[in-house]
Amino acid sequence: MSVGTRPGPTRIVRHIPRLVAAVVAALVLGACGGGADGDAAEPSGKAGASSAAFPVTVEHKYGSTTIESEPKKVVTLGLSDQDAVLALGVKPVGSVDWFKEQPYGKWPWTKDLWGSTPPQIVGERDEYNMEKIAALQPDLIVAQYSGMKKEQYETLSKIAKVVAQPKGHEDYQAPWQVMTEQIGKALGKDDETEKLIAGIDARFKAVRDDHPEWKGLTVTVGEPYEPGKFSAFSPKDPKVIFLSEMGFTTSEEYRTALGKENIADLSSERLDVMEADRTVWLGTPDTEKAMKADPLYKKTKVHQEKRDLFLPYDSPDIGAALSFNTVLSIPYAIDQVVPMLEAIK
């Protein structure tokens, strides 16, 4: 078994490059004239006056960041951070690529919010283009659903205020509520954030009330990525959390197999890890076909008893919605997934 922190569907593992400190420092200082976690670069256009909410201090994995005034130009570096920012009425000027195809406008839950002004793509996963970020002159950089390293944080802090991953959680494993709260606080929108979270919590409660039979049923979530190989996702992964909030749980065996890692890469010989009351697979039509043709998978009880569920990443974008698991994608995912789970008897 191999483990990693790859949070999305792409099977290429990208290693975070070592930053050449002197070169990058010269670049960002020349672009914005900032200091380490000091004054943010002045955004272009009319500067906004501080609202009553500011200053605010947000604690995170690498310490704390004090934001003196309302951010006007925000760059999001977490894979799904842009959703919460959009939901709170701010359109990021920069974001990172995750799913490749129109990463800022493809998803039905954000398309209207982006409109005709998509963000600049400033990186891919945990590799950030410092030059592009500096050129945008942001006054706030958010990296919640990310694997940002300390050296990257320190370099980015020379460009603008940076709110890194929530402290006390492994990378890519913080609850969506926590990440949303962090973003809302940084934007000075605590009240709006509280209402957003309460609305989503109410949606999940309605599902639990409608389906008490799901309470306590075990669930596993995986992704086949080539014949004979698949990934299993941590109980703290957004996709598993989504199902947990509808009443499902994970078995001790599944939790032990994943440990503290976000993803475990396994071979078909370990399909026993995926046995549960409900097994959910995310992928493409090709990976679904390959999994169903796997002789070892055909022997699993969950497949023989038709308790497995295959969700596409796109067309419709169900798998992507579960992977994002944000205040914007969750309602869409609930509408899509609940009927599919109801069909399993």
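**Confidence, helix packing and local geometry of the predicted model**

In this predicted model, the protein chain has a mean pLDDT of 87, and 84% of its residues reach 70 or more. Over residues 1-6 the pLDDT is below 50, although this stretch has 25 contacts in the model beyond near neighbours in sequence. Residues 9-50 likewise have a pLDDT below 50, and for this stretch 82 contacts beyond near neighbours in sequence are found in the model. Where pLDDT is low, the predicted coordinates should not be read in detail.

Two packed helices are described by the angle between their axes and the distance between the axes. On the α6 side the contact is made by W176, Q177, T180, E181, G184 and K185, and on the α7 side by D190, T193, I197, I200, D201 and F204. Divided by class, the contact of α6 with α7 comprises 4 nonpolar, 4 polar and 4 charged residues.

From α7, the residues I200, R203, F204 and V207 meet I330, P331, I334, D335 and V338 of α14. The residues of this contact divide into 7 nonpolar and 2 charged, with no polar residue among them.

Side chains of opposite charge can pair when their charged atoms come close. A search of the whole structure finds 11 salt bridges, one of which is formed by K61 with D171, with a separation of 3.0 Å between the closest N and O atoms. This pair links distant parts of the chain, 110 residues apart: K61 is placed in the loop between β2 (56-60) and β3 (63-67), whereas D171 belongs to the loop between β9 (161-163) and α6 (176-186).

Two features of the backbone complete the description. The peptide bond from F54 to P55 is cis, with omega near 5°, and P55 is located in the loop between α1 (21-32) and β2. At R125, a residue other than glycine, phi takes a positive value near 55°; R125 is found in the loop that lies between β6 (120-124) and β7 (127-128).

Definitions and conventions. Residues are numbered from 1 along each chain as its sequence is written. This is a predicted model: local features need pLDDT of at least 70, side-chain atom pairs count only at pLDDT 80 or more; totals for chains, interfaces and linings use all residues. Side-chain values use heavy atoms; hydrogens and water are left out. pLDDT is the predictor's confidence in each residue, from 0 to 100. Contact means heavy atoms within 4.5 Å. Helices (H or I, at least four residues) and strands (E, at least two) are DSSP runs, numbered from the N terminus. Ala, Val, Leu, Ile, Met, Phe, Trp, Tyr, Cys and Pro count as nonpolar, Asp, Glu, Lys and Arg as charged, and the others, Gly among them, as polar. A salt bridge is a side-chain nitrogen of Lys or Arg within 4 Å of a carboxyl oxygen of Asp or Glu.
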